[in-house]
Each structure stands twice: as structure tokens, then as C-alpha cells.
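Please examine the sequence and the three-dimensional structure shown below. The paragraphs that follow lead from the surroundings of the ligand to the sheet and then to the protein as a whole.

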Amino acid sequence: MAQRAAADAPMLVQLRGVNKHVGMVQVLNDIDLDLARGEIVAVLGPAGSGKSTLCRAINGAERIDSGRITVDGQPLPRRGRELARVRAGIGGVFEPFNLVACRTVLENVTAGRLAWWKAAAPGARRRADALLERVGAAEHAAKYPWELSEEQQQRVATARALARDPKLMLFDGPNPALSAELARSLADDGLGLLLATDRPALARSAADRVVFMDGGRILEQSPPSEFFTVPRTVRARDFLARAHDS
Ligand SMILES: Nc1ncnc2c1ncn2[C@@H]1O[C@H](COP(=O)(O)OP(=O)(O)O)[C@@H](O)[C@H]1O
Ligand SMILES: [Mg+2]
């Protein structure tokens with residue numbers, strides 16, 4: 001339903017001709033990318049291919065040299081309150097997760113949306129409980145972040161990001177806690193998901209489209225059924241041959 005209502009709406013995220021260099025290295029090289037509402041795009045590529053830089057560029061944390069990034073049809077503002085407003089609609093799950101150490105898991109999630117003092121309200125609590133349930137971390141609600149494994153912390157960071165009602169979720173890193181089922185259920189709610197990963201198995205099971213990056217360029221974009229059976233570039237074939245979990 002969310003997808004149908006959005007049929008005339010602008011693309012959720014659109015990049016055109018995006019370039020960025022760091023020193024002598026072109027870390028993003030003429031990137032064109034679209035992400036629709038309800039779509040799961042996996043960005044796959046070896047370490048150093050530019051996946052994290054791409055994620056940071058989309059959420060405005062990283063300046064680009066040239067090109068255009070729009071979120072919901074609006075150019076990504078460069079700074080200030082305008083940028084903060086757009087970023088509020090983007091949920092990020094990146095390491096380090098930066099959970100607040102002196103607050104419980106439940107408080108960390110409620111405060112994803114509210115000031116600490118408001119977060120104690122029963123409605124906020126019920127909502128956080130539901131989100132923790134959804135990400136598979138309900139049993140950790142009363143614990144502190146230091147009592148959790150990396151994977152459990154990632155679940156909590158996901159719930160915290162969802163508490164802000166984002167339209168876009170960016171997942172960057174190994175993402176052991178993200179299942180294809182959770183990704184699909186978020187996409188079915190109308191969110192767009194970008195999964196930057198070096199885990200082909202996650203891309204294969206969760207993504208609607210695989211974007212393969214190497215050396216700051218997008219070399220291939222295709223549905224997983226195509227990408228994993230007939231990768232078109234030697235680079236992608238090499239990458240898949242080396243990957244451990246494909
Ligand atoms: N702030 C930075 N300073 C120096 N080099 C950087 C910086 N950010 C990214 N790079 C370089 O850009 C390239 C892409 O990095 P990154 O986006 O982290 O790739 P990935 O997430 O695919 O591993 C790498 O060569 C990395 O060393
Ligand atoms: Mg990275």
C-alpha cells in the first residue's frame with residue numbers, strides 16, 4: 001500500500017554523477033544510484049571500495065566534490081538545521097553504535113525519539129518494547145549496553161534508529177543481526193533500505209537489487225538472481241570467489 005501511494009512521489013534517494021576524492025584517491029567515482037520506497041538495495045564490494053563513504057555521503061555526514069544527491073526529491077542540504085531535518089528521516093546503523101553507556105537498552109531506544117525525561121512515558125515505553133521485540137532484543141530491555149555482545153548492540157541500535165520513524169535506513173558493516181526477514185518487513189512498511197556489506201549471503205537473501213562497487217565505482221547493478229549466477233565483471237567474479245559466506 002505504501003508503495004502504491006508513493007507511485008507518483010519522487011525517488012526516495014537519487015545520486016547523479018557523485019564524485020569525491022580523498023588525497024589522490026577517487027573514493028566515489030561518478031556514482032549514479034536510485035533507491036525507491038519499499039526497496040532493498042545491497043551495496044556489495046571489497047574493503048575500501050567506497051561503501052561506507054557512499055553511506056556517509058547519503059546521510060550528509062560526508063561532503064561530496066561534485067554531483068547531486070536528493071532525498072525525497074530535495075537536494076541534500078549542506079549544513080545546519082535543514083540538513084538536520086533531512087537526517088532525522090534517515091536511520092543509520094553504523095559501528096561504533098554509540099549507545100549511551102549509563103542508560104538501559106530500553107532508555108536508549110526511547111531516547112532515539114525523545115528527551116530522556118519524556119522517554120519515561122508509558123506510550124514511549126510500549127513503543128520501544130515493540131521495536132525491541134521486532135529486532136529480536138526484547139529480553140535485553142533492562143540491561144546496559146556493556147552487558148551486550150556486538151550483535152545484540154546492533155539490534156538495539158537498529159531499534160533506536162527505527163524509533164525515529166525514518167523513511168530510509170542505512171546499514172553499514174557486517175550486520176550480523178540483520179536478517180532478510182527483518183529487512184523485508186521494514187521494506188514492506190514502505191522504508192527504503194540500503195545495506196552496505198561485504199556479506200554476499202545477506203545481499204543474496206535480502207536484496208531486491210545488488211550494486212557492486214569497486215575502487216569507488218559502481219561496476220554492476222542487477223537483481224541478486226542475476227548477479228550471483230552471472231556476474232558480468234571479472235572484479236565481481238573475483239570478489240564472489242573470495243567471499244566466505246556466499
Ligand atoms: N577520511 C578518509 N581519509 C582517508 N582515506 C579515506 C577516508 N575515507 C575513506 N578513505 C579511503 O576511501 C576508500 C573507501 O573507503 P570506505 O568508504 O571506507 O570503503 P568500504 O566501506 O567499502 O570499505 C578507501 O581507500 C579508504 O582508505
Ligand atoms: Mg566500510
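**The shell around ligand 1**

Two elements, β2 (25-35) and α2 (51-58), each contribute at least two residues to the shell around ligand 1. The model is a predicted one, and the description below should be read accordingly. Of the shell, α2 provides the largest share, namely 3 residues. The residues around the ligand are V22, V25, V27, G45, A47, G48, S49, G50, K51, S52 and T53.

Of its 8 residues, 6 are buried, so α2 is largely enclosed by the rest of the structure. The buried residues in α2 are K51, T53, L54, C55, A57 and I58. Among them, K51 and T53 also belong to the residues around ligand 1. Just after the helix, G60 adopts a positive phi of about 80°.

**The sheet**

Strands of a sheet pair through backbone hydrogen bonds, in either a parallel or an antiparallel sense. In this model, 6 strands form an open sheet with mixed pairing, in the order β6-β7-β8-β3-β9-β10. Strands β6 (90-93) and β10 (217-222) lie at the edges and have a single partner strand each, so one side of each is left without a neighbour in the sheet. From one strand to the next, the twist averages 15°.

Within this order, β3 stands between β8 and β9. Strand β3 (residues 40-44) pairs with β8 (residues 192-197) in the parallel sense, over 5 bridges.

**The protein as a whole**

What does the secondary structure of the protein come to? It comprises 10 helices and 10 strands. The radius of gyration is 18 Å, close to the 18 Å that the globule rule gives for 246 residues, so the protein is as compact as a globular protein of that length. Along the principal axes, the C-alpha trace spans about 55 × 40 × 40 Å.

Burial and contacts complete the picture. Of the 246 residues, 42% count as buried. Considering contacts between residues at least 6 apart in sequence, 64% join residues at least 24 apart. The parallel pairing of β3 (residues 40-44) with β8 (residues 192-197) likewise brings together separate stretches of the sequence.

Notes
Residues are numbered from 1 along each chain as its sequence is written. Chains are lettered from A and ligands numbered from 1 in the order in which they are written. This is a predicted model: local features need pLDDT of at least 70, side-chain atom pairs count only at pLDDT 80 or more; totals for chains, interfaces and linings use all residues. Two strands pair if DSSP finds at least two bridges between them. Helices (H or I, at least four residues) and strands (E, at least two) are DSSP runs, numbered from the N terminus. Axes are lines fitted to C-alpha atoms, for helices over the stretch in contact, and angles run from 0 to 180 degrees between N-to-C directions. A residue is near a molecule or strand if its C-beta atom, placed from the backbone, lies within 6 Å of it. The radius of gyration is taken over C-alpha atoms; the globule rule is 2.2 Å times the number of residues to the power 0.38. A residue is buried if 20 or more other C-beta atoms lie within 10 Å of its own, exposed if 12 or fewer, and partly exposed in between; C-beta atoms are placed from the backbone. Two residues are in contact if their C-beta atoms, placed from the backbone, lie within 7 Å.
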